[in-house]
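I opened this file to go through the two chains by region and to note down what I looked up. The entries follow in the order in which I worked.

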Amino acid sequence: MAQQITLKGRGIVEGCCKAEALVSAKPISFLGDIDPKTGKVVEKNLDIYGECVTDKVLCFPHGHGSTVGSYVLYSLAKNKLAPKAIVNEKADPVIVVGAVIANIPMIDQIDISQIKTGEIVEVDVYKGLVKILKKWEV
Amino acid sequence: MYLTKEEERIYDGELGWAKQVCMKILVKLGELFDAERLIPIDSAHISGVSYKTLGEAPTDFLEALAKANEKTKVEATLNPQSFDPEYLRKRLPKQLLQKQLDILQIFERMGFKQSYTCTPYYIRKPEKNSHLAWAESSAVVYANSVLGAWTNREGGPSALAAAIIGKTPDYGVHKAINRKPNILVEVDSPIKEEVEYGALGISLGKILKDKIPIIRGVGNTSGENLKHLGAALASAGMTNLFHYKDSELKGETLEKISVEANDIRKAIEELTTAPKQKPDLVFVGCPHCSLKEIREIANVVGGKKVRDNTEFWVCTSCHVKEKAKSYVQKIEASGAKVITDTCAVVTWTDKLGIETIMTNSAKTAHYAPTLNKANTILAPLKECLKTALKE
């Protein structure tokens, strides 16, 4: 039986959830890359182009680009299109503030290369853990 | 994090919801980055003013703050919005204008200055070593690197929170130790044009992550070229400060990378996506033009006229436009528009039927394919002017 993978990180915005992972190998600029009206990834250079971030555990290395990005996260939440949680390798202020005002659980210092799109993951910000669930646990 | 009694009372909500939410933003950021305390700021600059980039939802957040009767505690300027007072008001749908005016009215109620520019430093230059809480990544890089003021790269809401509380958490580049260069960038061939500075910024931004570079080989250039370099650096990466004076290199051994002429040429090519070389819009003024840039444009325009079926926009702040009156007259006599308070990126060029944008701004070329659904041509100012104007 394969070893279950539990990743330890640093909790930033409190919360817990279990959902499907969507993993971008590249940094995300919420302004421009994500459409706040649909939750879809519209930046063609991203490996997750065309995917929808809604209700996913969105994993990406870090944010970049415009500081208006925080409000896009708030827009997504208001439109009920937000990710269930955000998992970063390194948190940056644009994403942190967005997660605070949009109230999206967030954790960083996670090696996101361990997580694959489509896997079901459990995020527990209080303990600072991201658990990749095996199929029979889902 | 240490909070004074007064700060604690705000955090606990004793002074109301709005101040509490603002304080929470500041404290959360402070804790994340191991700040020990909050420090007073001289000014704040807010991004996220344009209705096009803001959309619907944040209006509610801003409205709630304004309703709670919150006012700015320090001088606080605003980034560009999506309309200018004249041209775009006539050409874009009325309902968009109304949405934008609603947002501006909320900011006005909170006491923000109606500056609508990404270059607030042309209105009032922050003092060296003063602490600021600025959003708008290009202005942050410029303030830190060229003006020697100290500001982290705030998000729209964190700058808003800082404007209302009058403080910012003491972390990042507010501390001298975090301002030292940690990577040496050698630019192997001399670069002159603003597009080369911009292209250098885009390619460096992608590889530097959050490192602080000292860039060798650009020391004697103009503030405007450094503005283009910083704007591009910030759009493509997380950098908020660069050094460019050799005197700042104090004999430390730093990791070293070099950039060759070929890298810059390749970056310029990649920022040009247009299959055709005939733009619908020639756009100069990202970041907003300085007085010097407006003068330069006016001198080249001379008595020439803008080509048929081509728009030519020069974007700046109303503050600079007012100071540049005689140059503005000359530029507008050609059929060009000197547009204030907004720019091509934060307005709806697609609704004006613009499919191809030619610009001298690497930042615009980087953003326009997604934010304007436009193809781009990145070219130096003199080529932009040649394309925009009849012989």
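**Loops of chain B**

I began with B:Lys373, which I found in the loop between helix 15 and strand 13 (375-378) of chain B; helices (H or I, at least four residues) and strands (E, at least two) are DSSP runs, numbered from the N terminus. The model is a predicted one, in which local features need pLDDT of at least 70 and side-chain atom pairs count only at pLDDT 80 or more, while totals for chains, interfaces and linings use all residues. Residues are numbered from 1 along each chain as its sequence is written, and chains are lettered from A and ligands numbered from 1 in the order in which they are written.

I looked up the backbone of B:Lys373 and noted a phi near 45 degrees, a positive value in a residue other than glycine. B:Lys373 counts as partly exposed because it has 13 C-beta neighbours inside 10 Å; a residue is buried if 20 or more other C-beta atoms lie within 10 Å of its own, exposed if 12 or fewer, and partly exposed in between, with C-beta atoms placed from the backbone.

I then turned to B:Asn309, in the loop between helix 12 and strand 10 of chain B, where phi is near 60 degrees, again a positive value in a residue other than glycine. B:Asn309 has 7 C-beta neighbours inside 10 Å and therefore counts as exposed. In the loop between strand 9 (281-284) and helix 12 of chain B I found B:Pro287, which a cis peptide bond joins to B:Cys286, with omega at about -10 degrees.

**Helix 14 of chain B**

Which residues of helix 14 (residues 325-332) of chain B are buried? I listed B:Tyr327, B:Val328, B:Lys330 and B:Ile331. They lie on the same side of helix 14 of chain B because they cover an arc of only 160 degrees around the axis, the arc being that of the directions from the helix axis to the C-beta atoms. On the other side of this helix, B:Lys325, B:Ser326 and B:Gln329 are exposed. The buried residues pack against helix 12 (291-301), strand 10 (311-316), helix 13 (318-323) and strand 11 (337-340) of chain B.

**Where chain B touches chain A**

I noted that 31 residues of chain B are in contact with 28 residues of chain A, two residues being in contact if their C-beta atoms, placed from the backbone, lie within 7 Å. Helix 2 of chain B gives the most to the side of chain B that touches chain A, with 5 residues. By class, that side has 12 nonpolar, 12 polar and 7 charged residues; Ala, Val, Leu, Ile, Met, Phe, Trp, Tyr, Cys and Pro count as nonpolar, Asp, Glu, Lys and Arg as charged, and the others, Gly among them, as polar.

**The sheet of chain A**

Strand 2 of chain A pairs with strand 6 (residues 106-108) of chain A in the antiparallel sense over 3 bridges, and A:Val13 stands opposite A:Met106 in strand 6 of chain A.

Definitions and conventions. Two strands pair if DSSP finds at least two bridges between them.
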